[in-house]
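Me: I want to go through this model term by term. For each label, give me the value and the cut-off behind it.

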Amino acid sequence: MSNQISAQEQQMLQQGIQAVAAHLQQKIAAGADSVSVVRFVHRQLDQIADAPGPQGMTLACAAGCDHCCRQLKQIEISEAEADLMLSVFTDAAQQQALLQRLQQSEATASHQPCVMLEQGRCSVYAVRPGVCRKAHSYDAAACAALSEDVPQNLERVLRSEAMLLGLRAVLTLAQSRVAPVNQALLAAAARAGWFSADASQS
């Protein structure tokens, strides 16, 4: 993105990242864990998304619009975000079904639909990761065509990017890793004992 914005905007982004990281570091120093920090960042991203956009422009994003959800395999999310996404799967049968979809998706070529996508809608919308909360477009046709020039609100992009990169900096210091979405979810499933549950049923 640095090649698409001015030097002044790049400077503002870096300042924003530093400010976000400093604020999140204070939260961790006060006892907040990684999941709590991620939830806070998600709330901030939602507030950014709810702010009025450019006059005369209407967001093309709507329920059932899933173009960006079909290109997520290489998108990176944090361990805490992966844990949050899996936390809504409390039924063992659902857990094993998702685990199977994850393993199948990881074994195939890139650009697979997100495993959380069901009938054009996100099945974990309330706990979707920050990268999904940042995504937006003013032209659904450009998204459908996988255009590299999707019209977006630059202010929203920069503010959201500052939140996400500030979060990543803090999580890195806390030794919480980021990984491509499928790999992060599989690792979260392992931490949650889903593989052990699968083995006990076989």
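Me: Which residues have the most contacts inside the largest nonpolar core?

Reply: They are Leu 24, Leu 86, Leu 98, Met 116 and Leu 185, in a core of 37 residues. Before going on: this is a predicted model, where local features need pLDDT of at least 70, side-chain atom pairs count only at pLDDT 80 or more, and totals for chains, interfaces and linings use all residues. Residues are numbered from 1 along each chain as its sequence is written, and side-chain values use heavy atoms, with hydrogens and water left out.

Me: What makes a set of residues a nonpolar core?

Reply: The members are buried Ala, Val, Leu, Ile, Met, Phe, Trp, Tyr and Cys residues, joined through side-chain atoms within 4.5 Å. Buried means under 20% relative accessible area; exposed is over 50%, and partly exposed lies in between (1.4 Å probe, protein chains only).

Me: Which helices each supply at least two residues of this core?

Reply: Helix H1 (7–29), H2, helix H3 (79–86), H4, H7 and H8 do. Helices here are DSSP runs of H or I with at least four residues, strands are E runs of at least two, and both are numbered from the N terminus.

Me: Which residues does Leu 86 touch?

Reply: Leu 86 touches Leu 98, Met 116, Leu 185, Ala 188, Ala 189 and Trp 194, leaving out residues up to four places away in sequence. A contact means heavy atoms within 4.5 Å.

Me: Which residues does the second, separate core include?

Reply: Among its five residues are Ile 5, Leu 13, Leu 158 and Ala 162.

Me: Why is H3 called mostly covered?

Reply: Seven of its eight residues are buried. They are Glu 79, Ala 80, Glu 81, Ala 82, Leu 84, Met 85 and Leu 86.

Me: How do you know at what angle H4 and H8 cross?

Reply: Axes are lines fitted to C-alpha atoms, for helices over the stretch in contact, and angles run from 0 to 180 degrees between N-to-C directions. For H4 (residues 92–106) and H8 (residues 181–191), the axes cross at roughly 145° and come within 10 Å.

Me: What is the hand of the crossing of H4 and H8?

Reply: H4 passes H8 in a left-handed crossing. That label applies if the near helix is turned anticlockwise from the far one by less than a right angle; clockwise is right-handed.

Me: Which residues make the contact?

Reply: H4 brings Leu 99, Leu 102, Gln 103, Ser 105 and Glu 106. H8 brings Asn 182, Gln 183, Leu 185, Leu 186 and Ala 189. The residues of this contact divide into five nonpolar, four polar and one charged.

Me: Why is the pair Asp 46 and Arg 128 called a salt bridge?

Reply: A salt bridge needs a side-chain nitrogen of Lys or Arg within 4 Å of a carboxyl oxygen of Asp or Glu. Here N to O is 3.7 Å, so the pair qualifies under that cut-off. Asp 46 is in helix H2 (residues 34–50), and Arg 128 is in the loop between strand E3 (121–122) and helix H5 (130–134), 82 residues apart.

Me: What other salt bridge does Asp 46 form?

Reply: Arg 133 pairs with Asp 46, the closest N and O atoms being 2.8 Å apart. Arg 133 is in H5 and Asp 46 in H2, 87 residues apart. Shared partners join Asp 46, Arg 128 and Arg 133 into one network.

Me: Is Asp 46 buried or partly exposed?

Reply: Asp 46 has 26% relative accessibility, so the label is partly exposed. Arg 128, at 12%, is buried. Arg 133, at 6%, is buried as well.

Me: Why is Gln 119 called exposed?

Reply: Its relative accessibility is 83%, so the label is exposed. Gln 119 sits in the loop between strand E2 (117–118) and E3. Gln 119 also has a positive phi of about 50° although it is not a glycine. Most residues other than glycine have a negative phi.

How values were computed
Ala, Val, Leu, Ile, Met, Phe, Trp, Tyr, Cys and Pro count as nonpolar, Asp, Glu, Lys and Arg as charged, and the others, Gly among them, as polar.
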